[in-house]
Amino acid sequence: MESLTELFLLLKYLFLGFFQGFTEPIPISSSGHLVIVRNLFDLDIKGLSFEIFVNFGSLIAVLIIYKNDILRLIKNGVQYIATKDPGTKDDFNFIFYLVIATIPTGVIGILFEDQISSTFSSSKMVGITLIVTGLALWIIRNLKGIKNDGALTIKDAVIVGMAQSVALIPGISRSGATIVAAMLLGMRQTTALRFSFLLYIPVSLGTFLLSIEEIFLDENFNALWIPYLLAFAASIIATYFSLKWFMNIMAKGNLKYFAFYCFIVGALAFLLL
């Protein structure tokens with residue numbers, strides 16, 4: 001009987017890790033879905049350590065997919081600082097805009113994340129915010145921007161950064177909020193997608209680094225480190241394939257299907273949970 005209990009525990013964390021990883025890159029809010037799943041299946045996971053840990057798994061997958069862009073940006077950014085080569089200025093500016101866009105989320109997250117999470121943690125609230133996410137995706141479903149990486153401005157970075165900070169609310173998709181803001185500002189789909197996920201890197205990495213002590217002092221982590229590691233591995237794999245799939249969908253302009261999904265799940269969460 002004890003072995004069955006342990007197996008069920010492992011399967012539960014494996015499912016949550018896979019679920020979080022799959023929903024993290026796509027514009028349907030991984031945090032909102034975790035709230036719904038926990039309430040639906042009465043899963044009690046105390047604290048934020050688990051969510052931070054599996055989010056770090058998603059970060060690793062994003063780093064793998066965008067490794068060439070990251071290496072190019074670092075190389076050209078350093079080269080521009082050293083030589084002021086005009087051919088590397090766009091990449092230097094791109095890095096600068098990523099830093100600017102990170103600031104709103106960092107400040108708001110440090111000051112208000114606990115209050116935001118506690119206020120919007122019910123399934124009904126997540127249902128409402130998922131519907132809001134769906135409406136935003138519906139608005140941009142047919143947009144075709146013209147701005148590429150070299151045409152971005154500080155104003156664009158600030159607005160996209162503010163949009164990312166709104167996604168601290170469970171049910172508001174981080175990727176959805178940043179991509180919606182970017183495309184409303186006239187960015188091309190490829191630029192919006194790249195900026196959104198490269199922007200995810202400093203925020204996710206910063207959250208993890210600031211929470212390392214909390215994670216390793218968490219009694220849940222110390223008692224459940226094997227299930228946590230299993231969920232971590234599942235998150236990496238699921239995020240990798242989910243993001244690849246989402247990149248293909250963005251290229252085909254099929255965001256409306258995510259809007260439909262958010263409408264349906266949001267309505268069900270609001271009415272039934």
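The model is predicted, so local features need pLDDT of at least 70 and side-chain atom pairs count only at pLDDT 80 or more, while totals for chains, interfaces and linings use all residues. Residues are numbered from 1 along each chain as its sequence is written, and side-chain values use heavy atoms, with hydrogens and water left out.

Let's begin with confidence. pLDDT is the predictor's confidence in each residue, from 0 to 100. The protein averages 87, and 93% of the residues score at least 70. Helices here are DSSP runs of H or I with at least four residues, numbered from the N terminus. Helix α4 has the highest confidence, at 95, and helix α10, residues 219-223, has the lowest, at a mean of 70. Where pLDDT is low, the predicted coordinates should not be read in detail.

Now to the inside. Buried means under 20% relative accessible area, exposed means over 50%, and partly exposed is in between, using a 1.4 Å probe and protein chains only. A nonpolar core is a set of buried Ala, Val, Leu, Ile, Met, Phe, Trp, Tyr and Cys residues joined through side-chain atoms within 4.5 Å. The largest such core has 70 residues, and Y66, V160, F195, L198, F246 and F258 have the most contacts inside it. Helix α9 supplies the largest share of this core, 10 residues.

What does F246 touch, leaving aside its neighbours within four places in sequence? Contact means heavy atoms within 4.5 Å, and the partners of F246 are P25, I26, P27, I179, L193, F197, L255 and F258.

Next, the second largest pocket. On a 1 Å grid over the protein atoms alone, a pocket is an open set of points with protein on both sides within 12 Å along at least five of seven lines, and lining residues have an atom within 4 Å of a point. The space in this second largest pocket is about 250 Å³. Helices α4 (67-83), α5 (89-119) and α9 (189-217) each supply at least two residues of its lining, and α5 gives the most, with 4 residues. The lining includes I70, L98, T102 and P202. By type, it divides into 9 nonpolar residues, 1 polar and no charged.

Let's visit some single residues. Y97 is in helix α5, and it counts as buried because its relative accessibility is 11%. Setting aside residues within four places in sequence, Y97 is in contact with L152, T153, I154, A157 and F195. Y97 and V158 are 61 residues apart in sequence, yet 8.1 Å apart in space, C-alpha to C-alpha.

Over in helix α4 lies G77, which is buried at 5% relative accessibility. Beyond its neighbours within four places in sequence, G77 is in contact with R72, F92 and I95.

Helix α8, residues 174-184, holds A177.

Last stop, the loops. Most residues other than glycine have a negative phi. Which way does S29 go, positive or negative? S29 has a positive phi of about 70°, and it sits in the loop between α1 (2-23) and α2 (30-40). K84, in the loop between α4 and α5, has a positive phi of about 55°.

How values were computed
On a 1 Å grid over the protein atoms alone, a cavity is a set of points where a 1.4 Å probe fits but cannot get out, and a pocket is an open set with protein on both sides within 12 Å along at least five of seven lines; lining residues have an atom within 4 Å of a point. Grid points are joined across faces, edges and corners, and a volume is the space filled by probe spheres set on the points. Ala, Val, Leu, Ile, Met, Phe, Trp, Tyr, Cys and Pro count as nonpolar, Asp, Glu, Lys and Arg as charged, and the others, Gly among them, as polar.
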